[in-house]
Amino acid sequence: MYAGCWATLDRLLAETAARVESHLEQWTAGPDVPAELAEAMRYAVLGGGKRLRPAMVLLAARAVHSGGRLPADPLPAAVAMELVHTYSLVHDDLPAMDDDDLRRGRPTVHVRYGQAMAILVGDALLTEAFSLLARRVADPAVAIALVGELARGAGAEGMIAGQVADMALCRLPDGQAGLDYIHTRKTAALFAAAARMGARCGGADDDQLRRLGAFGFDVGLAFQAADDLLDATSTSEQLGKTAGKDVAAGKRTYPAVLGLDATAARIRELTDQAVEHLAGFGSEADPLRALAERLRERTH
């Protein structure tokens, strides 16, 4: 339905990626950071990637603010979101976790710099994300709210809970219930946080905040299901990371639990549900609608 917006969306995503990457380079490591650590941090954050989570921040802010100056600049929140996401990838790739040697088409951080440095790079990126919100968001009330959103999405009830469950370090129900427990936390929670952070920067009311959070949650879950589907049907060259690794490791994935066709149907269902959450928003939310539908069609 929103395929006609894809050209505009592609332009917005490219602009977002350029803005975020420029500030990632500026804000990632200060002058007093050891050169070796700074190099490894920049290797991690400037190695490409879709920048979808920071795009979600910026597009959500735009969706609730129809022109003019935003109540709070969403760029620090977008960059903080990407720092947290990148930290999670650096740690996820470690031998103690997923033990992967390829990320975004390049050697993973622990392969390039060693395990000890990779752990410290992840720690530094996570810490810097919250420092950035404290230093770069002018309104203290907004800064506190953004810190809370990011901490909930990334913390022990969100992304970390999902990783613990994904590694079978806690008890889970069988079947789709256990799978959904993992991915609502490991992936969807951070997408929801990104949308809510953008909403807060745009001055959203309570209903807008709830709707955008629900949109981000459903898009994140659809994104994870699509990621699992691509992992089962694509090559490492197409993905820029090791294909088929989750299945080989016996991890729970949507295709393994539901099958390929049911996974594709679940992606469509979640995408439609996400777009429904934006009912009541005007044309300013069209890029979000297009993003949801574009992610359903992704091939890498």
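In the predicted model, Arg106 is placed over the face of Tyr43, 3.7 Å from the ring centre. A second contact of this kind involves Arg185, whose charged end sits over the ring of Tyr181 at 3.7 Å from its centre.

Across the whole structure, a search finds two aromatic pairs. In one of them, Tyr43 and Tyr113 are arranged edge-to-face, with 5.4 Å from centre to centre and 75° between the planes. This pair links distant parts of the chain, 70 residues apart: Tyr43 belongs to helix H2 (residues 35-45), and Tyr113 to helix H5 (residues 109-113). Tyr43 is buried, its relative accessible area being 9%, whereas Tyr113 is partly exposed, with a relative accessibility of 22%.

Phe191 is located in helix H9 (residues 175-201) and Phe223 in helix H10 (residues 206-233), so that the contact ties together parts 32 residues apart in sequence. Phe191 is buried, at 1% relative accessibility, and Phe223 is likewise buried, with a relative accessible area of 9%.

Methods
Residues are numbered from 1 along each chain as its sequence is written. This is a predicted model: local features need pLDDT of at least 70, side-chain atom pairs count only at pLDDT 80 or more; totals for chains, interfaces and linings use all residues. Side-chain values use heavy atoms; hydrogens and water are left out. Rings of Phe, Tyr and Trp (its six-membered ring) pair if their centres lie within 6.5 Å; planes under 30 degrees apart count as stacked, over 60 as edge-to-face and the rest as tilted. Helices (H or I, at least four residues) and strands (E, at least two) are DSSP runs, numbered from the N terminus. Buried means under 20% relative accessible area, exposed over 50%, partly exposed in between (1.4 Å probe, protein chains only). A charge sits over a ring if NZ of Lys or CZ of Arg is within 6 Å of the ring centre and within 35 degrees of the ring normal.
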